[in-house]
Amino acid sequence: MGNRILKTFTNNIGYKILAVAFAFILWLVVYNLNDPVKTKTFTTTVSVTGKEAVVDMGKWPTIKESDKTVTFSVSAKRSYLSELDDSDFYADVDLSNIVVDKDDPNSATVKVDIGCTKYKHSITFNRGEHQIPVSIEEYMQKQFAVKVSIEGSVSGNRALGDNPEANPKVVKVGGPKSLVSEIASANVTVKVDENTIVADNQITDRGELILLDENGDEVDMSKLDIDSQYKSVAISVDVLSTKEVPIKCSTTGSPAGGKSVLGVNLSEESVLIKGAAESLNSITSIDVGPIDITSATEDIKTSVDLSGYLPDNVSLVNSGKSKLSIDIQIETNATATLTLNSSNISYDGVSDGHKLSFATDKTSVVVSGTQSNIDKLSGMTLRGRIDVTGLDDGTHTVTVTPNLDNTEYTWGEIKVQVIISSENEDSSDTGDSNTGNTGNTGNTGSSGNTGSNGTAGDTGTTGTGSSGSNTGSNSSESKAKTTNNDGI
C-alpha cells in the first residue's frame, strides 16, 4: 500500500514539479497585476539630538526651521502604500556627527536618518543620502537675577511690599553669543487683584520667565538653552498695612537784612506709607529738613527724597511721589518815602520863658524794610520827637527820632532846623535883630541887652551879615529901627 502511494507521487515527477512551478509563477503574475508596486512621496519633521556634544566644543549649532523638514519617496505594494502617511515616518539628526566645512568653520552639514514605523520590511526608500545644513557659532552662557513685577493691587487698607522674591532667584541662559549678548534682564510678571488669595500676610504664585533686551523687546527663548525648571518661576510678596501721614518742613537760621520767612510751600502735604502695623503706629508725620536759610536774600527752592526720611522697614505706597519739592518764600526788601510834617514833631528841653519854631513845614524821609512791613506804612501818619535840652536861643539843626520800630525798619538820619527864642519877643524885633547891617554894630556895642540884638550881633560877627540881612528882611521898617537903636 505504501509503495503504491509513493509510486503515484514519483511517477512522472518532472512534469509534476514543472506544473507546481508554473502554478506559482502564474500566481505571482496574477498577484502583481492586482497589487502592483507604486512610489509615493512623504514629508516628516527632523528630530535633532546631540546638541550637547557641540556645546562641549564651545560652539552652538543652529538649524533653520525651514531645514527641519525632509521630503523623500518610498516604493511598496499599493496595498502597503495606501495605509502609510507622513506620521508613520521619522527623521533623526545626531549633531555629534556634524561635518564642518573645511573652508568655512561656521558652516557644517549633518546626515539625516529616515525610517518608518510600519511595514519597514515591505517598503523601499528611493533616496541617496539626505543632509541638512548647520550653522556654527560661538557658545555663550550667562546668569541673570530674576526681576519680579507685580501688576495690580490688593483691596482694603493694604499694599504690596517692595521686595517680591523669586524662586529660583537666578536663571542660567546659554546659546549663541549673538543672541545671549543681547539679553538685558530676566523677568517674571504676576497679576494680583482683590480676589487674590492672601495667606499669612503674603501672596504666592507662579509666573512665566521672559527675557528682554535693552530696548525692552522680548528675546526668542526657543533659540536658547534654558533648563525647563527656569521657565516657570515661583514668586512671593508681602502684604503690608498702610497709613497716611502729614509732611512737615523745618528751617534753621535767619534770612539776611532782618527779612523773615513768609511761608513754606510743599508739593505734597501728606503721603501714604506702608509697612508692618507695629512700625506704622510710631510714625505721626514725616519731618523733612531742617533747611538752612541763613543769610538768604531770596526764595529758596529745593527738593528732598522722602524715602530717606523713613525707617528701613517703611516705604511709600507710591514710589513716584518720593521727590518732594520745597519752596521757602523769603520776604523782599522795599522802600517808601514818607512825609514828616513839623506839626507832627514833638519836642523836649525848651527852657522856661522860651519858645521853639521850625524853619520848614515838612521833611521827606526814606524808609527801608521788608515788603510786608513797608506795606504796613500805607496811610500811616509819621510822627517824630526831638530834644533841644541845653540849646541857646537861635537857629539849630537837630536830629528827629521817628515813631518807627528799628527792628523792622531802617532810615537815614532825619534832621530839621529849629529856632529857639524868648517868648516876650515879637516877630518884628526878631527880624530887626537879624539884619546883617547891624551885626557889626552889635559886635562893637556893649548893649547887647536890647532883646535879641546880641544874637543878631553874633550872627553878624561871624561874617554872615548877609544871613542876618535875609532874616531881617521881614520888613523895611525893622531895618531902619535897628540902625537907630543897636550898638548904642
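I began with Asn344, which I found in the loop between strand 22 (333-341) and strand 23; helices (H or I, at least four residues) and strands (E, at least two) are DSSP runs, numbered from the N terminus. I noted that this is a predicted model, in which local features need pLDDT of at least 70 and side-chain atom pairs count only at pLDDT 80 or more, while totals for chains, interfaces and linings use all residues. Residues are numbered from 1 along each chain as its sequence is written, and side-chain values use heavy atoms, with hydrogens and water left out.

**Entry 1: around Asn344**

I looked up the accessibility of Asn344 and found a relative accessible area of 16%, so Asn344 counts as buried; buried means under 20% relative accessible area, exposed over 50%, and partly exposed in between, with a 1.4 Å probe and protein chains only. Leaving aside neighbours within four places in sequence, I listed Thr381, Leu382, Arg383 and Gly384 as the residues in contact with Asn344, where contact means heavy atoms within 4.5 Å. With Arg383, the side chain of Asn344 makes a polar contact of 3.2 Å. A polar contact is a pair of N or O atoms within 3.5 Å; within protein, one must be able to donate a hydrogen and the other to accept it, and residues adjacent in sequence count only if both atoms are side-chain atoms.

**Entry 2: strand 26 and its partners**

I then asked which strands pair with strand 26, taking two strands as paired if DSSP finds at least two bridges between them. Strand 23 (residues 345-348) runs parallel to strand 26 and is joined to it by four bridges, whereas strand 27 (residues 394-402) pairs with strand 26 in the antiparallel sense over two bridges. I recorded Arg385 in both pairings: Ser346 stands opposite Arg385, and in strand 27 the bridge partner of Arg385 is Thr401. The hairpin of strand 26 and strand 27 has six residues between the strands, and there I found Gly390 with a positive phi near 85°.

Next I followed an open sheet in which three strands lie in the order 16-21-19 with antiparallel pairing. Strand 16 (261-266) and strand 19 (300-305) are at the edges, and because each has a single partner strand, one side of each is left without a neighbour in the sheet. On average, neighbouring strands of this sheet are turned by 20° against each other, direction ignored; the axes are lines fitted to C-alpha atoms, for helices over the stretch in contact, and angles run from 0 to 180 degrees between N-to-C directions. Strand 19 is joined to strand 21 (residues 323-330) by six bridges, the two running antiparallel, and I noted Lys301 opposite Asp327 in strand 21.

**Entry 3: salt bridges**

How many salt bridges are there? I took a salt bridge to be a side-chain nitrogen of Lys or Arg within 4 Å of a carboxyl oxygen of Asp or Glu, and by this rule the count comes to seven. Lys111 meets Asp113 in one of them, at 3.9 Å from N to O, and meets Glu129 in another, also listed at 3.9 Å. Lys111 lies in strand 6 (residues 107-116) and Glu129 in the loop between strand 7 (123-126) and strand 8 (130-151), so this pair ties together parts that are 18 residues apart in sequence. At 41% relative accessibility Lys111 is partly exposed, as is Asp113 at 42%, while Glu129 is exposed at 53%. I also looked at Lys415 and Glu413, whose closest N and O atoms are 3.2 Å apart in a salt bridge; Lys415 is partly exposed at 41% and Glu413 exposed at 60%. Salt bridges that share partners join Lys111, Asp113 and Glu129 into one network.

**Entry 4: Ser422 and the whole protein**

Ser422 lies in strand 29 (residues 414-422) and is buried, with a relative accessible area of 17%. Not counting residues up to four places away in sequence, Ser422 touches Gly353, His354, Lys355 and Asp393.

For the protein as a whole, I noted 12 helices and 29 strands, and 34% of the 488 residues counting as buried.
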